[in-house]
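Thanks for coming. I will talk through one structure, so please have a look at it first.

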Amino acid sequence: TPIWKEKRRASRPVKSPPSAASRFVVAVVIGIAAAGFCYFHISLNRPADDFSWYWLGARALLAGQDPYMVVQPGGAFRLDAPFVYPITTAIIAVPFSIWLPPAAAGVLFVGVSSALLAWGITKRGFALLPIFGSAPFMWAAKSGQISTLVTASALLPALGWIALAKPNVGLATSAYRFSRWSLVGGAALIAISLLINPHWPLEWLTAVDTRSQIAY
């Protein structure tokens with residue numbers, strides 16, 4: 001390497017990563033803003049837009065029922081499709097659905113997911129924060145989608161197991177940063193899901209196939 005390049009590198013200021021306190025403040029602010037954005041939009045649509053399926057699936061599990069049997073199109077939620085998500089999605093939605101009504105649960109879910117994503121992307125700096133103004137994020141936030149949380153799981157190893165909540169996206173996030181948390185936590189989540197309903201993988205594939213036939 002030429003000496004002049006080494007000198008240039010040495011003259012560049014070394015940026016230290018942001019403090020945990022500043023990252024926490026930013027994460028909380030973004031979480032609150034995303035939750036407010038979600039509330040404004042889902043109040044105009046279904047009780048919780050896309051989160052309606054997660055909430056109904058979680059409530060079915062809490063009642064000892066099969067989401068693939070009881071969550072069907074129509075009803076008070078005006079659903080246009082049955083429950084077409086892996087049962088792991090419903091399991092992850094349970095903590096948000098025990099006491100809260102659907103809209104409040106969806107808003108809280110979006111706020112927590114967004115805060116976790118903000119915490120993950122600010123580990124080395126704040127340069128990536130503009131993603132919260134992007135169309136994909138805003139669509140996910142206003143719809144109460146789980147993709148924000150799955151994206152956060154790619155940046156936070158302790159949450160790697162959450163990738164199984166949306167396998168079509170989660171497989172890519174797991175490949176990005178695989179950890180023992182992904183393996184152990186994922187195995188535990190699958191084991192719990194099979195204890196709840198040993199037949200859910202087949203029911204899920206059937207529901208997805210039925211949905212695709214209706215769509216086309």
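A definition to begin with: buried means under 20% relative accessible area, exposed means over 50%, and partly exposed is in between, with a 1.4 Å probe and protein chains only. What we have is a predicted model, in which local features need pLDDT of at least 70 and side-chain atom pairs count only at pLDDT 80 or more, while totals for chains, interfaces and linings use all residues. Residues are numbered from 1 along each chain as its sequence is written, and side-chain values use heavy atoms, with hydrogens and water left out.

With that, Phe109 counts as buried, because its relative accessibility is 1%. Phe51, at 0%, counts as buried too.

These residues bring me to the rings. Rings of Phe, Tyr and Trp (for Trp, the six-membered ring) pair if their centres lie within 6.5 Å; planes under 30 degrees apart count as stacked, over 60 as edge-to-face, and the rest as tilted. The structure holds nine aromatic pairs. In one of them, Phe51 and Phe109 have ring centres 5.0 Å apart and planes at 40°, so this pair is tilted. Phe51 sits in helix α3 (residues 51–62) and Phe109 in helix α6, so the pair joins distant parts of the chain, 58 residues apart. Helices here are DSSP runs of H or I, at least four residues, and strands are runs of E, at least two, numbered from the N terminus.

Which residues do ring pairs link into a cluster? They are Phe51, Tyr54, Tyr68, Phe83, Tyr85, Phe96 and Phe109.

Now back to helix α6, residues 102–121. Its axis and that of helix α8 (residues 147–155) come within 8 Å and cross at roughly 25°. That makes α6 roughly parallel to α8. Axes are lines fitted to C-alpha atoms, for helices over the stretch in contact, with angles from 0 to 180 degrees between N-to-C directions. Angles under 35 degrees count as roughly parallel, over 145 as roughly antiparallel, 65 to 115 as roughly perpendicular, and the rest as oblique.

Contact means heavy atoms within 4.5 Å. On the α6 side, the residues making the contact include Phe109, Ser113, Ser114 and Leu116; on the α8 side, Thr148 and Leu149 are among them.

Last, Ser114, buried or exposed? Ser114 is buried, because its relative accessible area is 1%. Leaving out residues up to four places away in sequence, Ser114 touches Ile30, Gly31, Ala34, Phe132, Phe137 and Thr148.
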